[in-house]
Amino acid sequence: MLAILEGFWEPLKNPLMYAVPVFAICIAVEAWFYAWDARNDRREAVGKGYLSVDTRTSISAGLGSVVSMFAFKLLTFGIFTSIYVYLAPWHLPMNTWWSWILIILLVDLAWYCNHRFSHRVRIGWAAHQMHHSSIFFNLGTALRQKWNPWTEFLFWLPLPLLGVPPIMIYGVFGFNLIYQFFVHTERVGKLWGPIELIFNTPSHHRVHHGSDSIYLDRNYAGIFIIWDRLFGTFQKEIFTPKYGLTKDVDSYNLFFLQYHEYGNIWRDVRNARGLRAKLGFIFGPPGWNPDEGAPVLPANDDPARAAS
């Protein structure tokens, strides 16, 4: 715990704190370009860009997530350290180039698995849906983060067992999130082919935030799109997506946006008949239906997400 407190302001242990000014500058620049387009009556700017109340909501959510992530580190550091010290059969070195590359890949794969879980298991979606609640897609949207990062614990748990030092997990994941900030933009089109083949890009991530049926639950990548290509969840950008949930949330209340889906789960579980139905509403995919023969809709087309 002391190591976490001492490393809170160290760039390799908490790079996000050093990236905050860069985020603010980039958001301001992107917003200025949208304002310039609007002043010059550029048709492609209509319906895009920034809405002040939406951006305030995203930034406030981001500030809250800094606090929740710090608390998460405090709560998990002892567990991860104990696993690393007493159970890991080997310890990866922190001073070799290959170990950093390996850890970057491992953390990114863990993020892919966590992200896919958060879309395909309703209790995970309840925590994650906040990030998808904006109908805008801009650098400000990248800051619209959840306040309850409990799913990360489940998918980071194997890493210290594989000999990854906990401090490196936190640091590398911080750089992972910084990378993801820059893919939340419509100002960048498709990049050079080899980059689009290997890395997550704005084009790929626009697909992920789309509520169109062809784009639902695709492109879970953090840094490397190769995981989606390997595991069958890749979808290229064909047209400009419609962003947000399939039914927009008519609220900018942070606490409602963060936690209302937990309330929806509680309501469905309370009204469900039988253990199977109750568990299904928690651990089934969003839109899971207890009636035999009823179709299970794609994630954002289901009633649970429509209510989100």
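Guide: Here is a short tour, from the overall fold to single residues.

Guide: One note to begin with: this is a predicted model.

Visitor: Fine. How many helices and strands does the protein chain have?
Guide: The protein chain has 14 helices and 0 strands.

Visitor: What share of the 308 residues is buried?
Guide: Buried residues account for 50% of the 308.

Visitor: And what about contacts between residues at least 6 apart in sequence: what share joins residues at least 24 apart?
Guide: That share is 72% in the protein chain.

Visitor: Now the inside. Which residues touch the most other members in the largest nonpolar core?
Guide: That core has 18 residues. Those touching the most other members are Ile103, Val107, Trp156, Leu159, Val164, Tyr170 and Phe173.

Visitor: Which helices each supply at least two residues of this core?
Guide: Three do: helix H3 (52-86), helix H4 (97-120) and helix H8 (166-181). The largest share comes from H8, with 6 residues.

Visitor: Switching to charges. How many salt bridges does the structure hold?
Guide: There are 8 salt bridges. One of them pairs arginine 144 with aspartate 54, with the closest N and O atoms 2.9 Å apart.

Visitor: Where do arginine 144 and aspartate 54 sit?
Guide: Arginine 144 is in the loop between H5 and H6, and aspartate 54 is in helix H3. They are 90 residues apart, so the pair links distant parts of the chain.

Visitor: Are those two buried or exposed?
Guide: Arginine 144 and aspartate 54 are both buried.

Visitor: Give me another bridge. Which residue does aspartate 268 pair with?
Guide: Aspartate 268 forms a salt bridge with arginine 122, and their closest N and O atoms are 2.8 Å apart. Aspartate 268 lies in helix H12 (residues 254-271) and arginine 122 in helix H5, so the bridge ties together parts 146 residues apart in sequence. Both residues are buried.

Visitor: Which residues are linked with them in a network of salt bridges?
Guide: The network links Arg122, Glu261, Arg267 and Asp268.

Visitor: What about aspartate 248 and lysine 242?
Guide: Their side chains meet in a salt bridge, at 4.0 Å from N to O. Aspartate 248 counts as partly exposed because its relative accessibility is 42%, which lies between the 20% and 50% limits. Lysine 242 is also partly exposed, with a relative accessible area of 42%.

Visitor: New topic. How many disulfides are there?
Guide: The structure holds 0 disulfides. As for cysteines, cysteine 26 is partly exposed at 21% relative accessibility. Cysteine 113 is partly exposed at 32%.

Visitor: Which residues make the nonpolar surface patch of about 610 Å²?
Guide: Val188, Leu191, Trp192, Ile195, Leu197, Ile198 and Phe199 make that patch. Take leucine 191: its place is in the loop between H8 and helix H9 (193-198). Leucine 191 is partly exposed, with a relative accessible area of 38%.

Visitor: And threonine 141: buried or exposed?
Guide: Threonine 141 counts as buried, at 1% relative accessibility. Its place is the loop between helix H5 (122-128) and helix H6 (150-156). Leaving aside neighbours within four places in sequence, threonine 141 contacts Ser58, His131, Ser134, Phe136, His184 and His209.

Visitor: Last one. What is there to see about phi in aspartate 217?
Guide: Aspartate 217 has a positive phi of about 55°, although it is not a glycine. Most residues other than glycine have a negative phi. Aspartate 217 is in the loop between helix H10 (202-208) and helix H11 (226-231). At 11% relative accessibility, aspartate 217 counts as buried.

Visitor: And asparagine 219?
Guide: Asparagine 219 has a positive phi near 55°. Asparagine 219 is in the loop between H10 and H11. Its relative accessible area is 0%, so asparagine 219 is buried.

Notes:
Residues numbered from 1 in each chain as written. Predicted model: local features only at pLDDT ≥ 70, side-chain atom pairs only at ≥ 80, totals over all residues. Heavy atoms only, no water. Core = buried A, V, L, I, M, F, W, Y, C linked by side-chain atoms within 4.5 Å. Buried < 20%, exposed > 50% of the residue type's maximum accessible area, 1.4 Å probe, protein only. Helix = DSSP H or I, 4+ residues; strand = E, 2+ residues; numbered from the N terminus. Disulfide = S-S within 2.5 Å. Contact = heavy atoms within 4.5 Å. Patch = residues over 30% accessible without salt bridge, like charges linked within 9 Å, V, L, I, M, F, W, Y side chains within 5 Å. Areas by Shrake-Rupley, 256 points an atom, 1.4 Å probe, with all protein chains shown as cover.
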